[in-house]
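Dear colleague,

Please find below the structure that I am handing over to you. My notes on what was found in it follow directly after.

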Amino acid sequence: MALERKDLEKGIEEARKRLEDAKGFLHIDSLQEQLSALDKQIAEPGFWDDPAQASAVTKEASAVRDLLAEYDEAASLLEDIEAAFELAAEDEVFAAECETGLTRLGSQLDGLEINSWFTGRFDSGDAILTVNPGQGGLEAQDWTEMLYRMYSRYAEAKGWKVTPLDVVPGEVIGLDKATIQIEGRNAYGMLRSEIGVHRLVRISPTDAKARRQTTFASVEVLPILPDDIEVEINPADVRVDVYRSSGPGGQCVNTTDSAVRLTHLPTGIVVTCQNEKSQLQNKEAAFRVLRAKLYELEEQKRQAEIDSLRGERRDNSFGSQIRNYVLYPYQMVKDLRSSVETGNVDAVLDGEIEDFVIGYHKWHAAQ
C-alpha cells in the first residue's frame, strides 16, 4: 500500500534529520580536511620512498574517501527524493519514486550510523580471527570447521580479503584450529561481536546411535597492529621452529619445511603459521600474530578487569556461550547478549550473520 503524502513528508523530514546527525557524528567537515591533507602528502615527491608508510597513508586516504562518498551519495539521494516529492503533487508516479528512494536512503543512513560505532583505536582496521575447538571431542573439531567456513563466507560476501594463516586439519574430521587474516573496512570493529564461546546442538554425524550432541568452539579476534604501534620483541626471546605443513596451501606445501612455529620464551605464547607458500611468508605472518598477542598481553596488565581487545574470557564449555546454534530438535540461532535470533540456521552457517553482528553492536552501544 502506497504511503500518503503526509507520511512521505514525515519520512523526508526524518531522513533529513538523520543525515544532519550523520554529518555531525562522522565529522564530515574534518574528514574532508583530513582527505585533502592526505592527498597532498601522497602527491609529494619521494612519497613512495618508504613503501610501508606510503601504503598505510594510501589505505587511510582510501577509507576516508569511501566514507565521504557514502555520505555524498546519501545527501544526493535525499535531494532527488525531495524533488520527486514536489513533482508528486502533479503526478502520482513520482510518489512511488519518492517512497522507493526513502527505503533506499534508510539503508544508506543505517550504514553511516554503523560506521559511527567503530571509533576504537583499531576498529577500522584488519583482524586476525581464530577458532579453537572446545568440549565435544571430534564433534568440536567439526564445529570448528563449520565456523571457519561461516566466517570466511561472511567476510567474502562483504568484499573483505580472507587469508588462511594456520588451518590445521583434525585427525579424523574437522579442524584442530583455524586462524585467518581478514582485511577490510571495519573488519576488526565488526568482528569483535564474535569473540567468545559458540555452542552447537545437533544429532551427532559420528554417532551410530544418532544421539543429540552439544559441542563448543571459541572465537578469538585480534587487530592487525599498524606499523606505528611499538611492540618490542627481542629476537633472543623467540624460538623459531620450521616443519612440514599439514594443511592446504601452495603446490609444495607438503614437501618442504615451510611451516613456522614461534615460541615467545618469556610469556610462553606460541604462534604457528603454515598456509602461506613460503617459509619467509609464514614467518612474517606469524610475527604479525605474535605482535598482536603481545600487545594484548600488555593491555591486560594495564586493564586487569577488562580486556579491551578480546573481551571477557570464558571457559570453552557449558554455561559460557555467547550464541547458541540449534539444529535439533528444532532449528534456531540465538545470541544470548542481544537476543537476536532466527530459524534459518542454514543461512547463518553459510555466512549470513550480519544481523547478529549489527545486533551485538546495537546492544553494546546501549549498555
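In this predicted model, Asp126 and Lys59 form a salt bridge, with 2.5 Å between their closest N and O atoms. The two residues come from distant parts of the chain, 67 residues apart: Asp126 belongs to the loop between α4 (93-115) and β1 (127-133), and Lys59 to helix α3 (residues 51-88). Asp126 is buried, at 9% relative accessibility, whereas Lys59 is partly exposed, at 48%.

The structure holds 22 salt bridges. Another of them joins Arg149 to Asp350, the closest N and O atoms being 2.9 Å apart. Arg149 lies in helix α5 (residues 138-157) and Asp350 in the loop between α8 (345-349) and α9 (354-366), so this pair ties together parts 201 residues apart in sequence. Arg149 is partly exposed, at 37% relative accessibility, and Asp350 is partly exposed as well, at 33%.

A network of salt bridges links Glu194, Arg323, Asp335 and Arg337. Within it, Asp335 and Arg337 have their closest N and O atoms 2.7 Å apart. Asp335 is buried, with 0% relative accessibility, and Arg337 is buried with 16%.

Turning to the strands, an open sheet of 8 strands runs in the order β2-β3-β1-β5-β4-β9-β10-β11, with mixed pairing. Because β2 (161-169) and β11 (341-342) each have a single partner strand, they stand at the edges. Strands β9 (residues 321-326) and β10 (residues 332-335) pair in the antiparallel sense over 4 bridges, and Val326 stands opposite Met332 in β10.

Finally, Asp49, Asp50, Asp227, Asp228, Glu230 and Glu232 form a negative surface patch.

Yours sincerely

Definitions and conventions
Residues numbered from 1 in each chain as written. Predicted model: local features only at pLDDT ≥ 70, side-chain atom pairs only at ≥ 80, totals over all residues. Heavy atoms only, no water. Patch = residues over 30% accessible without salt bridge, like charges linked within 9 Å, V, L, I, M, F, W, Y side chains within 5 Å. Areas by Shrake-Rupley, 256 points an atom, 1.4 Å probe, with all protein chains shown as cover. Salt bridge = Lys/Arg side-chain N within 4 Å of Asp/Glu carboxyl O. Lys, Arg positive; Asp, Glu negative; His and termini not counted. Charge placed at Lys NZ, Arg CZ, Asp CG, Glu CD. Pairing = 2+ DSSP bridges. Buried < 20%, exposed > 50% of the residue type's maximum accessible area, 1.4 Å probe, protein only.
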